[in-house]
Each structure stands twice: as C-alpha cells, then as structure tokens.
Amino acid sequence: MKSKTILLNSRPHGAPSKDNFKITETEVPALQPGEVLLKALYISVDPYMRGRMSDARSYAAPYEVGKPFMGGVVAEVVESRNGQLQKGAVVVGSLPWQQYTVHTGKGLHAVDPEVAPLSYHLGILGMPGQTAYFGLLYIGQPKEGETIVVSGAAGAVGTVVGQIAKLKGCRVVGIAGSDEKIDYLKNKLHFDEAINYKTTGDINRAVAQACPDGVDVYFDNVGGAISDAVLLSLNKFARIAVCGQIAFYNNTTPPTGLRVEPILLRNSALMKGFIVNDYASDFGTAARELASWLKEGKLQYQETIKEGFEHIPEAFLGLFTGENTGKLLVKVAEREA
Ligand code: NAP
C-alpha cells in the first residue's frame, strides 16, 4: 500500500509559501510485532509550526528539510500487532503529516469516540483548549466584573479564552480581523465588545473606547500594534498572558514597538509568557473541566475544516491570512470502523 507524506522542502524567508512544502509517496512497510498501522483522519495546522519551519532557536525543535512535518493528528488503528491498541481504536498524538503511519503506540492517547466529535481532540479538548485554560485561569486569574481583552479572539485559542472569561463573570472584549468574526464574537459567543483591527483606523482609541473601565487581563495571541494598544489601557495590577505573537512569525528583522517596562511598573502589572506544556501536570484537570463545560453547553465550539490531504499546506498558510474562525483542521479520511 502507498501513503503520501508532506515534507519540509525548504525553509521560508518571511511569509511561507506552497514551495516550502513537498508531497511524496512511499510504500507503507509491513508491521513488526508491537506495531500498529495508523490512518490519519484529522490533521491540525497550528501557528507554532511556522517557528518549526525555521532553524532559529525556539521552544520546539526545528523541522528538518526533507523530513515530514509533525503535529497533532487524530488517527485510527487500521491494523494492529500491539496488544494495547486494537484495530478500530482512535488515538491522538504528535504524528507526521502522512496518510498512513507505522507506529509503536508510544506517546499516543486513545480517545473515546462517544465523548465528542473526534476532531475536538485537536481543538477545544486538545492543545488549543488547554492553552486557553491555563493562560487565562493560571496567569490571567480573572475575577468577576473585571475587563478582559483577548486578541486573535476568533481563533482556536481566543474563542475559548473569551468564553471561559464570560463564565467567570468578566466583561470580555475581543479583537479580530473581519466583520464576520466580529459578528460571530458578539452575537454567537456573546462577547461584550469586539474590534475589527483591520478596519478600525485608530486601534488605541478603539481599545480605550471598548474598555471604559480599563483592562484587567490581556490574553495576547498576536503581539504588535494590537498589544501596544491594549497595554496603553491597563489597570493597576493587570495580568498579561503572552500566549502567541503571530504578528511577528514571518518577520525577517527583530520586532520593535512600545517599551512595556514603564507601563508594567506604573501599573504594578504582571506579564508572563507561557507554553502550554509548562502546565503538563494539570492537563487532566483542564481536560475534565473543558469537557464538562462543553457537555453542559456552557462552551460553544467552532471549527473551520478543510478537506483533503493535499490541501494541508494551503490550510496552514490560511492561518496567516485569517481564513479560519475557530480551530483550523484538515479532514484527510473517513473513519473505517
Ligand atoms: P488561530 O487564532 O486559530 O489562527 C491564527 C489567527 O491569527 C488567524 O485566524 C488570524 O485571525 C490571526 N492573525 C494572523 N496574522 C495576524 C496578524 N499579523 N495580526 C493579528 N492577527 C493575526 O490560532 P491558534 O491556534 O488559536 O493560536 C493563536 C495564537 O496562540 C498563535 O499566536 C499561536 O502561536 C499561539 N499559541 C500558543 C500556545 C502556547 O503554548 N503558548 C499554544 C497554542 C497557540 P484574524 O482574522 O483575527 O487576523
């Protein structure tokens, strides 16, 4: 049997393009004792992968040129010579961008198809949901009545951040890049205010107007001019969770902007960067709470699902042009069992 794989063809300089990806086809090797054959069902595309396409030092190891992209995948066991993983089981884990993968099963987590749609394990019940949970609750520590601002508000992480903040009784202001997203945030997710940063003209004034009582918590998914504007509206003892800086991921020169230190000092504010894995010991707690909020209908969940293995590169590139509302995924095959 043959299987397609997506490799890093070259490292991007600036914005990535389709040329940085290459699709190859190889024969799937026969299973050895202890191994399973996995068929990819859903493949996650995530902004952090842009960092891994570069060889600059970062928190995640660079992808190697000529080797497969890796990331979150939901896959089905379609053959098994492993006593722990039966044929028909569904797993989630870090896997190559490949249609079929021979694997030992190590590091994979079985998912219960009855709990939620399988794709949710790459979004609200997976890494992005956990990121929202820890960044907001552990760093942001929102209190009832406080104002929280989230940038990248209509994306995988941002939609969960804003909704958890509403559950905690906060006034929530989202910042996103289209009128459709603003409508979604205000009318579907019930954010109190939402700002379209692409059309607002004066982002500093827009943030100040949307936050008449100032900003107590800022969940930063994007960085750049948007974050500068929010920092200018901080309240005393504000907390800033630095989750992502997508505005800079394609930069070829170091970013410049506001000096934050005088603002932090003046406001006795706390600014903390984090990586979701910093909280690995509490993943179980977050997973249970997110799943129960979802089940009780307290959290709504949105996905943008592209179809077809060959479309993974263009789906990934769409993260940088804002093509997604909610979690962006690619469905690559139907489940067999
Ligand atoms: P996402 O928000 O679902 O998708 C990315 C969104 O970023 C796009 O839809 C686009 O929406 C926005 N964007 C793209 N370029 C932008 C720019 N130059 N300025 C402002 N917004 C821009 O992605 P996600 O998975 O939820 O991730 C959100 C952020 O969190 C990313 O920065 C990611 O790297 C980070 N993250 C961090 C961790 C961690 O452990 N620290 C974990 C997961 C994600 P618009 O239409 O609104 O522009």
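D55 is exposed, at a relative accessible area of 57%, where exposed means over 50%, buried means under 20% and partly exposed falls in between (1.4 Å probe, protein chains only). The model is a predicted one, so local features need pLDDT of at least 70 and side-chain atom pairs count only at pLDDT 80 or more, while totals for chains, interfaces and linings use all residues. Residues are numbered from 1 along each chain as its sequence is written, and side-chain values use heavy atoms, with hydrogens and water left out.

Back to D55: its side chain meets that of R11 in a salt bridge, at 3.9 Å from N to O. A salt bridge here is a side-chain nitrogen of Lys or Arg within 4 Å of a carboxyl oxygen of Asp or Glu. R11 sits in the loop between strand 1 (2-8) and strand 2 (21-27), and D55 in the loop between helix 1 (48-52) and strand 4 (70-80), so the pair ties together parts 44 residues apart in sequence. Helices (H or I, at least four residues) and strands (E, at least two) are DSSP runs, numbered from the N terminus. With 29% relative accessibility, R11 counts as partly exposed.

In total, the rule gives 13 salt bridges. Another of them joins K39 and E336, whose closest N and O atoms are 3.1 Å apart. That pair links distant parts of the chain, with K39 in strand 3 (residues 36-44) and E336 in the segment after strand 15 (327-331), 297 residues apart. K39 counts as buried at 11% relative accessibility, whereas E336, at 48%, counts as partly exposed. D46 and K327 also meet through their side chains, at 3.0 Å from N to O.

An open sheet is built from 6 strands in the order 10-9-8-11-12-13, with parallel pairing; two strands pair if DSSP finds at least two bridges between them. Strand 10 (193-196) and strand 13 (270-273) stand at the edges with a single partner strand each, so one side of each has no neighbour in the sheet. From one strand to the next, the twist averages 15°.

Helix 4 (residues 179-188) lies across strand 9 (171-176) and strand 10, running at about 170° to strand 10. Axes are lines fitted to C-alpha atoms, for helices over the stretch in contact, and angles run from 0 to 180 degrees between N-to-C directions; contact means heavy atoms within 4.5 Å. Helix 6 (residues 224-231) lies across strand 8 (147-151), strand 9, strand 11 (215-220), strand 12 and strand 13, at about 165° to strand 11.

That leaves the cysteines. With a disulfide taken as a pair of cysteine sulfur atoms within 2.5 Å, the count comes to 0 disulfides. For C170, the nearest cysteine sulfur is that of C211, 12 Å away. C211 is likewise in no disulfide. C170 counts as buried at 4% relative accessibility, and C211 counts as buried at 3%.
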